[in-house]
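Here is a short note for a colleague opening this entry for the first time. Please read it with the structure in view.

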Amino acid sequence: MHSRLQSADRDGEIMTRRRNHRITTIWVRAVLAITVAVGGSWTLSGCAQSDGGEARAEQPGHDPVSDGARVVNVEVVSVTPTSFVDFIRIVGEVEALNDITISAEEAGPIVRFAATKGAWLAQGALIAKIDDAVLRAQVAEARALAELAEEQFERQRRLWEEEQIGSEIVYLQLKSSAEAARARLTTLEERLARTEVRAPVAGIFDEKFVEIGEMVAAGTPVARVVSTRRVKVVGGIPERFALDVQHGDSAVLTFDILPGRQLTGTIGFVGTMVNADNRTIPIEIVLANPQRQIKPRMLANVQVERARLDSVFVVPQDVVQRTEDGYQVFVAGDRDGLPIAIARGVTLGPSYANQVVIESGLARGDRLITSGQGLVDDGTFIRIVQTGEEG
């Protein structure tokens, strides 16, 4: 019994030693693993520093992406000088070149209209007729009196000039009576003619203000005739451009209702005074309108040439960025052989149709970044994916 107990104690002690040995082995391995990891990391770090790993991004031909640097894909164009036309842009309103309200020149009722509203009228065409019965009778009476006075004067003239019969005073009186009778007849005939309301210019019978049977007096509006074969566009040039616009200059006009169509007109009038309300100078542009597609009161987009510039740098407006100090663009450059974006401060000139003149800040051959410029800063690594030419 005692020997069995001793054998059991020996077996337990052996088991305990084995367990402790395994624990010690595991602990030693763990310490060695940690030591190797730390030492290896220090060794790798040291090697990276000694081998210039930070500089590899700056070595020619090295891709900065391998070091985690941000690279932006961009498109660039080569800047070259070109020409540029600076326009003054305003909005004008169309008016008919001839818009005439015709009034009655004699009193009486309207007896008929010879044209319908909306009809095309030739110059001198009859529009309306005023009752002329009284005037016709007066004309007939005046004609008879004029003929009698003329006959009396002619007889007295022959007697006085050829036979010296009668007195000079009678001769002169009859001569004056004949002339007065002729003048009265002419006056009444003119008044009779004015009972016909006629178109003073060729155009459209656009509006009538009275109806048949309505009594009119001299000065009463009867009809309106509008001529639109030629129209004028009226607008105002800002005061600062007063010296840039002259009579006879050409202008380019577009209308929203005529997309894609440009019309050319001539400045027919430039005002001499500045409008105190909006500080503009009035202008009128005469425009041919044979098809009468342009209607009075339409709005026109007017462009008047102000200046023509040669050998200037012109870039899209959307590549220009506003900064606290003014404006800037980005051009493609390099640092130690690697392409980067470089910010350039620029001075802007005139602009037109999303194009702007760069007065300073760019040089011939600069590679202007036109796509991706909103994603870069000064010094950002870039990858050029497309190259063109600006100019």
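**Notes on the predicted model**

1. Start with a salt bridge. Asp 132 pairs with Arg 136, and their closest N and O atoms are 3.0 Å apart. A salt bridge here is a side-chain nitrogen of Lys or Arg within 4 Å of a carboxyl oxygen of Asp or Glu. Asp 132 counts as buried because its relative accessibility is 12%. Arg 136, at 46%, counts as partly exposed. The cut-offs are these: buried is under 20% relative accessible area, exposed is over 50%, and partly exposed lies in between (1.4 Å probe, protein chains only).

2. A word on the source. This is a predicted model, in which local features need pLDDT of at least 70 and side-chain atom pairs count only at pLDDT 80 or more, while totals for chains, interfaces and linings use all residues. Residues are numbered from 1 along each chain as its sequence is written, and side-chain values use heavy atoms, with hydrogens and water left out.

3. Now the other bridges. The structure holds 19 salt bridges. One of them joins Glu 190 to Arg 194, at 3.3 Å from N to O. Glu 190 is partly exposed at 40% relative accessibility. Arg 194 is partly exposed too, with a relative accessible area of 35%. Another links Arg 308 and Glu 305, with 3.2 Å between the closest N and O atoms. Arg 308 is exposed at 53%, whereas Glu 305 is partly exposed at 32%. Shared partners join Lys 129, Asp 132, Arg 136, Glu 196 and Arg 198 into one salt-bridge network.

4. Next, the chain as a whole. It has three helices and 19 strands. Both are DSSP runs numbered from the N terminus: helices are H or I with at least four residues, strands are E with at least two. Of the 391 residues, 31% count as buried. Among contacts with a separation of 6 or more, 73% come from residues 24 or more positions apart. Contact means heavy atoms within 4.5 Å. The chain exposes about 23,800 Å², and carbon and sulfur atoms supply 51% of that area. Accessible areas come from the Shrake-Rupley method with a 1.4 Å probe; for residues, only the protein chains shown count as cover.

5. Look at helix H3. It covers residues 168-193, 26 residues in total. From first C-alpha to last it reaches 38 Å, close to the 38 Å expected at 1.5 Å a residue. The expected span is 1.5 Å times one less than the number of residues. Which residues of H3 are buried? They are Tyr 171, Ala 178, Ala 181, Leu 185 and Leu 188. An α-helix has 3.6 residues a turn, so residues three or four places apart point the same way.

6. Gln 138 lies in H2 (residues 133-162). Gln 138 and Leu 185 are 47 residues apart in sequence, yet their C-alpha atoms are 8.6 Å apart in space. At 26% relative accessibility, Gln 138 counts as partly exposed.

7. Finally, a strand position. Ser 227 sits in strand S9 (residues 221-238). Is Ser 227 buried or exposed? Ser 227 counts as buried because its relative accessibility is 10%. Beyond its neighbours within four places in sequence, Ser 227 is in contact with Ala 96, Leu 97, Asn 98, Ala 202 and Gly 203. A polar atom of the Ser 227 side chain lies 3.3 Å from the backbone oxygen of Ala 202.

Definitions and conventions. A polar contact is a pair of N or O atoms within 3.5 Å; within protein, one must be able to donate a hydrogen and the other to accept it, and residues adjacent in sequence count only if both atoms are side-chain atoms.
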